[in-house]
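Here are my notes on this one, as numbered points. Have a look at the model first, then read on.

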Amino acid sequence: MDNRDVLTPQADGRGRDLTVAELAHRWWRPATVVLVLAAAVAWRLVAPGLGAPPNLEIATAATFLAVLLLRNRWAAVVPFAVVAVSDAVLGNTQIMWFTWSAWAVIGLGAILARHLRGPGRYAAALGVGVGGSLWFFAWTNFGVWLMDGMYPATLDGLLASYVAGLPFLRTMLLGNLVLVPLAAVIASMVERAEARAEAAGSLRAVRG
């Protein structure tokens, strides 16, 4: 490690996005994101065959972790990469645009938290986990009611769509209450490991 540590705050105390050069210097960060992305795609493909509860997904947590590790607004493309690759295998539905736009809002929520540290980061993780799950449920079930033809085009039909989606919401919500804060923990562990390595490197340089 050297004095180019990308985690060092700026003199004015504010965070900043990381450059491509800085991410290349800390190559394990994008490498970890790629592994998490691959895991999210694989899980979406194999979860039904494993008997996993519907809507138990890791794309939200993967997005939050990617944003924290890359500390760049472009990390919000992670959920799109997950659904694009897996949809190429699973196929799309009539509500694809509702699904994709729901992920866009979740990615935006993660972006807003990318410079947070300490308790604020974990509060944001809970917010993204809970808020993202509720938003995904509300928006995509509205899309089902509007476009799928499963429910009457009435208020009762809309309510029926939401009632039918409650088991899916429960699974997604409970999963994200665990997985998104866990993503914040992993990011903090990476940062602490880098800080310790930098301190050890600086000490060796002084002694040398």
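1. First, the terms for elements: helices (H or I, at least four residues) and strands (E, at least two) are DSSP runs, numbered from the N terminus. With that in hand, Leu45 is found in helix H2. This is a predicted model, where local features need pLDDT of at least 70 and side-chain atom pairs count only at pLDDT 80 or more, while totals for chains, interfaces and linings use all residues. Residues are numbered from 1 along each chain as its sequence is written, and side-chain values use heavy atoms, with hydrogens and water left out.

2. Of the 208 residues in the chain, 40% are buried (buried is under 20% relative accessible area, exposed is over 50%, partly exposed is in between; 1.4 Å probe, protein chains only).

3. Have a look at helix H3, residues 59-70. Its 12 residues reach 16 Å from the first C-alpha to the last, close to the 16 Å expected at 1.5 Å a residue (the expected span is 1.5 Å times one less than the number of residues). How many of the residues of H3 are buried? The count is 12 of the 12, so H3 is largely enclosed by the rest of the structure. Among them are Thr60, Thr63, Phe64 and Leu70.

4. As background, nonpolar side chains tend to be buried together in soluble globular proteins.

5. Back to Leu45, now on the surface. Leu45, Val46, Leu50, Val89 and Leu90 form a nonpolar patch with about 450 Å² of accessible area together. Patches are made of residues with over 30% relative accessible area and no salt bridge; like charges are joined within 9 Å, nonpolar side chains (Val, Leu, Ile, Met, Phe, Trp, Tyr) within 5 Å. The areas come from the Shrake-Rupley method with a 1.4 Å probe, and for residues only the protein chains shown count as cover. Helix H2 (28-46) and helix H4 (78-90) each supply at least two residues of the patch. Leu45 itself counts as partly exposed, at 30% relative accessibility.

6. Next, the charged pairs. The structure holds 3 salt bridges (a side-chain nitrogen of Lys or Arg within 4 Å of a carboxyl oxygen of Asp or Glu). One of them joins the side chains of Arg114 and Asp17 at 2.5 Å, N to O. Arg114 lies in the loop between H5 and H6 and Asp17 in the segment before helix H1 (20-25), so this pair ties together parts that are 97 residues apart in sequence. Arg114 is buried, at 11% relative accessible area.

7. The salt bridge of Arg29 and Glu194 is at 3.0 Å, N to O. This pair links distant parts of the chain, Arg29 in helix H2 and Glu194 in helix H7, 165 residues apart. Both Arg29 and Glu194 are buried. Glu191 and Arg121 meet at 2.9 Å, N to O, linking helix H7 to helix H6 across 70 residues. Glu191 and Arg121 are both buried.

8. Last, the aromatics. The whole structure has 8 aromatic pairs (rings of Phe, Tyr and Trp, its six-membered ring, pair if their centres lie within 6.5 Å; planes under 30 degrees apart are stacked, over 60 edge-to-face, the rest tilted). Trp27 and Trp28 are edge-to-face, 5.6 Å centre to centre with 75° between the planes. Trp27 is exposed at 56%, whereas Trp28 is partly exposed at 25%.9. Trp139 and Phe142 have ring centres 5.8 Å apart and planes at 15°, so this pair is stacked. Both belong to one aromatic cluster, along with Phe98, Trp135 and Trp145.
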